[in-house]
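Please look over the sequence and the model shown below before reading on.

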Amino acid sequence: MSRLIHMLSSVWVLILGLTILVDVFGRVLFLSPLPGTKEILQSSVVAVAFLQIPLAIFSTSMLRTTLLSDALPAPVQRLLRTVSNTLGLLLFGAIAYAALPEAFEAFHIGEYEGEGALRIATWPIRFLVVATAIFSAVAYLAMTIADWRGSLDDHNALTFH
């Protein structure tokens, strides 16, 4: 599931790149930018970033330093990973908890970004942030369980079979 979501974000980035390309060529060749490019990019940056988080968690690609932990015995390393995963679970759980009422409010009032040529509803992005935050919290929980079961590879990434 996390790989599928990551692929979706990659396609989204490709579409954003093409949108920027069309906007730039429109400005240069026709003196007319693509309407709504700013709003599309503004809304998409957060969505793309959040869509990539679950795979980063499962593959242990989140930013970390191992300078200290590599020198510690294996049981202490596992304990540090558990603490780190618990903090990640709590962080993304808090993000989901805090963002959910705002997502419902945005849906209820019909909140949008942009004026004039293109108006983009904000509620889909807000719900996407909530959903990926929940998925990220669950990913941290899954990583902790897998770690204690011995299901992680040599780089502490979850092995998918």
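## Briefing on the predicted chain

Of the 161 residues of the chain, 33% count as buried, where buried means under 20% relative accessible area, exposed means over 50%, and partly exposed lies in between (1.4 Å probe, protein chains only). The model is predicted, with local features needing pLDDT of at least 70 and side-chain atom pairs counting only at pLDDT 80 or more, while totals for chains, interfaces and linings use all residues. Residues are numbered from 1 along each chain as its sequence is written, and side-chain values use heavy atoms, with hydrogens and water left out.

**The chain as a whole**

- The chain holds four helices and two strands, and these follow the pattern α-α-α-β-β-α when read along the sequence; helices (H or I, at least four residues) and strands (E, at least two) are DSSP runs, numbered from the N terminus.
- The radius of gyration of the chain is 20 Å, whereas a compact globule of 161 residues would have a value near 15 Å; the radius is taken over C-alpha atoms, and the globule rule is 2.2 Å times the number of residues to the power 0.38.
- Taken along the principal axes, the C-alpha atoms of the chain fill a box of roughly 65 × 35 × 30 Å.
- Among contacts in the chain with a separation of 6 or more, 69% are between residues 24 or more positions apart, and contact here means heavy atoms within 4.5 Å.

**How helix 1 and helix 2 pack**

- Two packed helices are described by the angle between their axes and the distance between the axes.
- Helix 1 and helix 2 pack at an angle of about 155°, with their axes 9 Å apart; axes are lines fitted to C-alpha atoms, for helices over the stretch in contact, and angles run from 0 to 180 degrees between N-to-C directions.
- Helix 1 is therefore roughly antiparallel to helix 2, given that angles under 35 degrees count as roughly parallel, over 145 as roughly antiparallel, 65 to 115 as roughly perpendicular and the rest as oblique.
- The crossing of helix 1 and helix 2 is left-handed, a term used if the near helix is turned anticlockwise from the far one by less than a right angle, with right-handed used if clockwise.
- The residues of the contact of helix 1 with helix 2 divide into 14 nonpolar, seven polar and two charged; Ala, Val, Leu, Ile, Met, Phe, Trp, Tyr, Cys and Pro count as nonpolar, Asp, Glu, Lys and Arg as charged, and the others, Gly among them, as polar.

- Helix 2 passes helix 4 in a left-handed crossing, and the residues in contact include Val-46, Ala-47 and Phe-50 of helix 2 together with Leu-128, Val-129 and Thr-132 of helix 4.
- That contact of helix 2 with helix 4 has 16 nonpolar, three polar and no charged residues.
- The axes of helix 3 (residues 74-109) and helix 4 come within 8 Å and cross at roughly 160°, so helix 3 is roughly antiparallel to helix 4.
- Helix 3 also passes helix 4 in a left-handed crossing, and by class their contact has 21 nonpolar, six polar and five charged residues.

- Ser-9 lies in helix 1 and counts as buried because its relative accessibility is 0%; leaving aside residues up to four places away in sequence, Ser-9 touches Val-48, Leu-51 and Gln-52.
- Val-129 lies in helix 4 and counts as buried at 12% relative accessibility; apart from neighbours within four places in sequence, Val-129 is in contact with Val-46, Phe-50 and Ile-95.
- Val-129 and Met-1 are 128 residues apart in sequence, and their C-alpha atoms are 16 Å apart in space.
- Leu-31 is placed in the loop between helix 1 (2-30) and helix 2, and Leu-31 is exposed, with a relative accessible area of 75%.
- Most residues other than glycine have a negative phi, but Leu-31, although not a glycine, has a positive phi of about 55°.
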